[in-house]
Amino acid sequence: MQARLRGNIIHIRGPLLGGLITIALATSSGCGQADAPITTSNSISSHASPHLAHTAAPLAYNLAGGSFTIASRGRQSLQRPQPKLSAEQQLEWAVGKSFATQAWVSAPATTTARDGLGPLFNANTCSSCHIRNGQGRLPENGLGLILRLGTQFPTFGEQLQDMANPGSEPEGRVTWRDITQDIVLPDGSEYALTKRNYAVDGNQKSASARLAPALIGMGLLAAIKTDDIIANSDPTDINQDGISGAVNYIVRGNDEPPALGRFGWKASQESLIAQVALAFFEDMGITSSRHPPLPCSESDCGKASNAEMEISDKLLNAVTDYIANLAVPAAAHDELSLQGKTIFNHIGCKACHIPSFNIEVPASPFATVAGGGNTQEINVITETIYPYSDLLLHDMGPGLADQYSSDSTAAAEWRTAPLWGLGIRAENSDNARLLHDGRGRSITEAILWHGGEAAASKSRFTQLSESERAALLHFLKAL
Ligand code: HEC
Ligand code: HEC
Ligand SMILES: [Ca+2]
Ligand SMILES: [Ca+2]
Ligand SMILES: [Ca+2]
């Protein structure tokens, strides 16, 4: 492996890119623009501006989000618009942002367009849980963890709402019990892995806890072609590699074919707009055309006009476009992390954490995401993104299993967590919580919880030498 990182051209020779690739640096800093796009000649060369080519050159796979990538990896880096938006689109984006970050209030309120919160809710705005668009907090530290209840409590519905407007009662409080197990790796290093059994008001029945994930690259995940996701699935493990990724097919109306789920820890939402509308409804008590006012007898539903919706389709689209058009921070790969990448591939992590997909995105205008994966624009460009996920469900073993099956999946099935932005998320030390319920306090802990289909890969991880493990972690933190 040779990599020359100075100057405006890098030559990389090595197995990872399959030969010699020349990347001409197109743009970056220098003209006062904080988040100028980072482009390479093999993606969108038309934007190349040679006079700006004096900065350190990014490797191709540092462009984690293709042309949505920004150079910043700082505290605010999950909150920036993708660089291709026009000035006008940035204004629309800012409108969407305001409805996702400013507090909603209970209705009626004459002074604001943001009323309709509750009567029951978990938080009054998206960013209370998706903190600076990163992940949420455990209950003792703030907001961001919700309990899914399945059908265990007939009166509570699918999700526990632990807050209410004056005049209504919250459904209950989130309680938990810690169960810690000690693990000793072959090299003698010790880990105390703590799992929590969450419940409602100390009830015997366990609840499925979900931590708010970081909102990185949502529009890009929406743009991955359905066929490309299906191509990686192997539900009956025909190729006998021990990995049997399955699509979470979502049953829709009678005449409609099932949809491919891709959002949420169990891939239970088919599109970004479905996920956002559900968040408004379940997490904030805000009705929309997708979740009309309750109680909803047949006649009520039939009559419900847009005017009765607490968020209009226009604003729901604006919030969805805001989420879809968030930038993805560049990865920070160097030579050590490229060694780590080889180990990642070698010990089988990439069987589920599929490094890259080619997607089509609109050449310049707003990404169209409402359909979830089928971009209708005429002017599209193909580019490579690096989410490190197959968006498929995998049996992760009893350690990670829910207490019961939810979201029409088996209890132990989870969507491969995308790893882009992992370093930024894991280094944000007040909030470094990994896995679906936030039990992972570090990247190593998250890996040690892997079981089921990932048991062999986890076991190979534990056999690594200290320096190999360091290289792997260095790679993961560079994502
Ligand atoms: C009470 C905390 C909370 C609030 C408020 C909240 N979310 Fe979430 N969000 C979550 C949790 C928890 C999940 C994971 C849900 C699951 O896996 O079932 C999630 C998942 C998501 C996802 C899917 C991410 C992925 O990786 O697939 C998106 C997108 C999202 N939320 C957007 C929003 C938007 C937009 C709002 C505001 C309208 C919002 N959320 C409000 C907690 C919250
Ligand atoms: C069989 C598929 C599979 C394999 C193999 C696998 N993973 Fe995972 N990984 C997952 C799934 C599914 C999750 C989410 C599990 C959960 O949240 O309960 C996950 C979560 C993670 C997370 C936490 C991410 C987050 O945002 O919370 C990290 C880190 C991770 N994997 C790294 C690795 C590494 C490193 C390897 C190789 C040693 C590996 N994985 C192998 C499927 C896999
Ligand atoms: Ca309401
Ligand atoms: Ca409820
Ligand atoms: Ca297989």
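The following legends describe close-up views of a predicted model. Local features are given for pLDDT of at least 70 and side-chain atom pairs count only at pLDDT 80 or more, whereas totals for chains, interfaces and linings use all residues. Residues are numbered from 1 along each chain as its sequence is written, and chains are lettered from A and ligands numbered from 1 in the order in which they are written.

**View 1. The shell of residues around ligand 1.** Ligand 1 is surrounded by 30 residues, of which Asn122, Cys126, Cys129, Trp265 and Ala279 are the closest; a residue counts here if its C-beta atom, placed from the backbone, lies within 6 Å of the ligand. At least two residues of the shell come from each of α3 (126-129), β10 (206-211), α6 (272-284) and α8 (313-324). Helices (H or I, at least four residues) and strands (E, at least two) are DSSP runs, numbered from the N terminus. Helix α6 provides the largest share, seven residues. By residue class, the shell holds 20 nonpolar, seven polar and three charged residues, where Ala, Val, Leu, Ile, Met, Phe, Trp, Tyr, Cys and Pro count as nonpolar, Asp, Glu, Lys and Arg as charged, and the others, Gly among them, as polar.

**View 2. Strand β10 and its pairing partners.** Because five of its six residues are buried, β10 is largely enclosed by the rest of the structure; buried denotes 20 or more other C-beta atoms within 10 Å of the residue's own, with C-beta atoms placed from the backbone. Strand β6 (residues 145-148) pairs with β10 in the antiparallel sense over four bridges, pairing requiring at least two bridges found by DSSP. Arg148 has Ser208 of β10 as its bridge partner. Antiparallel pairing also joins β9 (residues 190-200) to β10, over two bridges, and Ala199 is partnered by Ser206 of β10. A hairpin is formed by β9 and β10 with five residues between them, and Asp201 in the turn has a positive phi of about 50°.

**View 3. The shell of residues around ligand 2.** Around ligand 2 there are 28 residues, the closest being Cys349, Cys352, Leu434, His436 and Glu453. Helices α11 (443-448) and α12 (455-463) each contribute at least two residues to this shell. Its residues comprise 18 nonpolar, eight polar and two charged.

**View 4. The largest nonpolar core.** This core has 107 residues, and Val276, Val319, Ile323 and Trp420 have the most contacts inside it; a nonpolar core is a set of buried Ala, Val, Leu, Ile, Met, Phe, Trp, Tyr and Cys residues joined through C-beta atoms within 7 Å. Its largest share, nine residues, comes from α6.

Conventions:
Buried ≥ 20, exposed ≤ 12 C-beta atoms within 10 Å, placed from the backbone.
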